[in-house]
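Here are my notes on the model, point by point. Have it open beside you as you read.

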Amino acid sequence: MCGIVGFTGTTDAKGILLDGLKRLEYRGYDSAGIAVQNNNVIKMVKASGKVDNLVELVEKNKDIIGNSGIGHTRWATHGVPSDVNAHPHMSTDGKFAIVHNGIIENHAEIKAELIAKGAKFLSDTDTEVIVQLIDYYYKGNLKEALMKATARLNGSYALGVLCADSPNTIYAVKYSNPLIIGVGAGENYFASDITAFINHTKNVIDLDDGEFASLTPDKVTIYDHSGKEIKKEERKITWDVAAAEKSGYEHFMLKEIMEQPAALKATIEPRIRDNKIHFDELDIDIKKYDRILITACGSAYYAGCVGRDIIEKLCKLHVHTEVASELRYRDPIIDEKTLVIVISQSGETADTIAAIKEAKSKNATVLAIVNVVGSAIAKLADYAIYTWAGPEIAVATTKGYTTQVAILAMFAVWAAFELGKINEKEFEKYTEEIKKIPERAQRTLDLNARVKKLADKYYQKRSMFFIGRYLDYAVCLEGSLKLKEISYIHSEAYAAGELKHGTIALIEQGRLVVAVCCYEPLLDKIISNIQQVKARGAEVMALAMEDNKKIFTEADDVLLVPKIYELFMPVIEIIPLQLFAYYVAKNNKCDIDKPKNLAKSVTVE
């Protein structure tokens, strides 16, 4: 959530900042602003609403010139969305401007203290406390003021700072919130996401918690929490700017749905050699664990629910799933014999980070499944498996989710062999089935050209239900979430066997029920559930394998997937549901890539 961008160089900063903010729009926001420094003067423009509103104001304001600046897209946490509460925030004397991602938990206490000392506050934000605190501690040495101010802060923060006394210099501070340095030629950047500056440089430096940096056009200087200068290695981004652009698609979400065969190939193929699965990044003895706990939030949690069922089935090991935001409050039964698998697309999810810390405090081993290299979760975990899905811009995850499920399926097969639960012949058989997944994903896209017509038929429904059994139920959870988060239609997912235990009371004439029917051992039972809801007036759209002839006599409409081994079916069967959600949202004229109230990376609890 929120986006930060900073630039210092020899060209006009405002265009680079505004372009960076446009590239960060996917993170979710309700206002935006920039501050630009010219010699010893800082000028600021802010606007509620879209970045386009800010662009209009900047174009009208001829004073916004300079070669250094900071920008921000805000997602409201303290104070309503407004021009005043938008970032950047300035100190009373105009000497400092800052942008901030995160939450300062003790802001009320500090604010009261500063007011007593004469500070004047304009906004309702916690962020303004930070800039006034820096100003209070500043006695001509900004590094010292930053260290003193941040030492007072409880919570999480990524900060971008301008000081009127330091022309051509921008400052970055990181603690429990993403912030990365971009290193260019005669210009340098920082941002909450690489996409903000990927069209300018691919050379980056990852900041760790407690570190801060000063950037001039020609130099990047990084300090640890004690103020000692430290050297850090640069790394090079391997994807190009085209990966973060729409490439002719109307929305990023549709582009990323269509990219899934390629993303799955990138995830799977490098890990298969000699027809066996290899995780070179795992130097782990799976035999030492007597249970596995999978924890995550949102779609990543639903990926974990699929993973739970596959791992239990193949490994004969107890696997439990827990929503990360609840984990640490339950005093979970975790010890040194527990393998905790955490899943996060961004690698910065605050609740998941808290869950990792809880697990490690109980001596558990933590394995992270993430997409973003160098992210906080990847660094905190004992082991990290990267999905290699490429950048995902749409707020609603698609290829992030499917590649997570693919990794979990591969892990299950690998672990089952390590545990002696499957023999070498079975290992190779399952590996061969996993190798088919990218091609089957493409086949799934090809089979469902008519999904748009089904969305045209059903988009005006204001409430829908998804039903399935076993693995299909886990897929229903994600399919239902996709629909509700981008189309704003009420949608619920239920284990089909639970219908008769209360939910069937909600079935009425014309209600749409999406029945996921891909797990063949339970096909007769889900067909019975279809018959039950149709007897009460429901319309049924089924999702089934393409050789399933019986389903056409039971459902009103059918989406299809190609045949693959039943445990790996969840990787591809979500794809038609993603497409259905996309076209329903499009018909309802929703902002598909940036759904209301949501953010791509949830970095606050």
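**Notes on the model**

1. Let's start with Arg511, which lies in the loop between strand S24 (490-495) and S25. Arg511 counts as buried because its relative accessibility is 15%; buried means under 20% relative accessible area, exposed over 50%, and partly exposed in between, with a 1.4 Å probe and protein chains only. Leaving aside residues up to four places away in sequence, Arg511 touches Ser463, Phe465, Leu506, Gly537, Ala538 and Glu539, contact meaning heavy atoms within 4.5 Å.

2. A word on the ground rules. This is a predicted model, in which local features need pLDDT of at least 70 and side-chain atom pairs count only at pLDDT 80 or more, while totals for chains, interfaces and linings use all residues. Residues are numbered from 1 along each chain as its sequence is written, and side-chain values use heavy atoms, with hydrogens and water left out. Helices (H or I, at least four residues) and strands (E, at least two) are DSSP runs, numbered from the N terminus.

3. On to the rings: the structure holds 16 aromatic pairs. Tyr136 and Tyr137 make an edge-to-face pair, because their ring centres are 5.2 Å apart and their planes stand at 65 degrees. For the cut-offs, rings of Phe, Tyr and Trp (its six-membered ring) pair if their centres lie within 6.5 Å; planes under 30 degrees apart count as stacked, over 60 as edge-to-face and the rest as tilted. Tyr136 is partly exposed at 35% relative accessibility, whereas Tyr137 is buried at 18%.

4. Tyr470 and Tyr519 are also edge-to-face, at 4.9 Å centre to centre and 70 degrees between the planes. That pair links distant parts of the chain, 49 residues apart: Tyr470 is in the loop between strand S23 (463-468) and helix H16 (471-487), and Tyr519 in the loop between strand S25 (512-516) and helix H17 (523-534). Tyr470 is partly exposed at 28%, while Tyr519 is buried at 8%. Elsewhere, ring pairs join Phe7, Tyr189 and Phe197 into a cluster.

5. Two lysines are worth a look. The charged end of Lys139 sits over the ring of Tyr136, 5.9 Å from its centre, and Lys429 lies over the face of Tyr565 at 6.0 Å from the ring centre. The criterion is NZ of Lys or CZ of Arg within 6 Å of the ring centre and within 35 degrees of the ring normal.

6. Which residues of H4 are buried? Helix H4 (residues 127-137) is mostly covered, with 10 of its 11 residues buried; among them are Thr127, Glu128, Asp135 and Tyr137. The cover includes strand S6 (96-104), helix H3 (107-116) and helix H5 (142-151).
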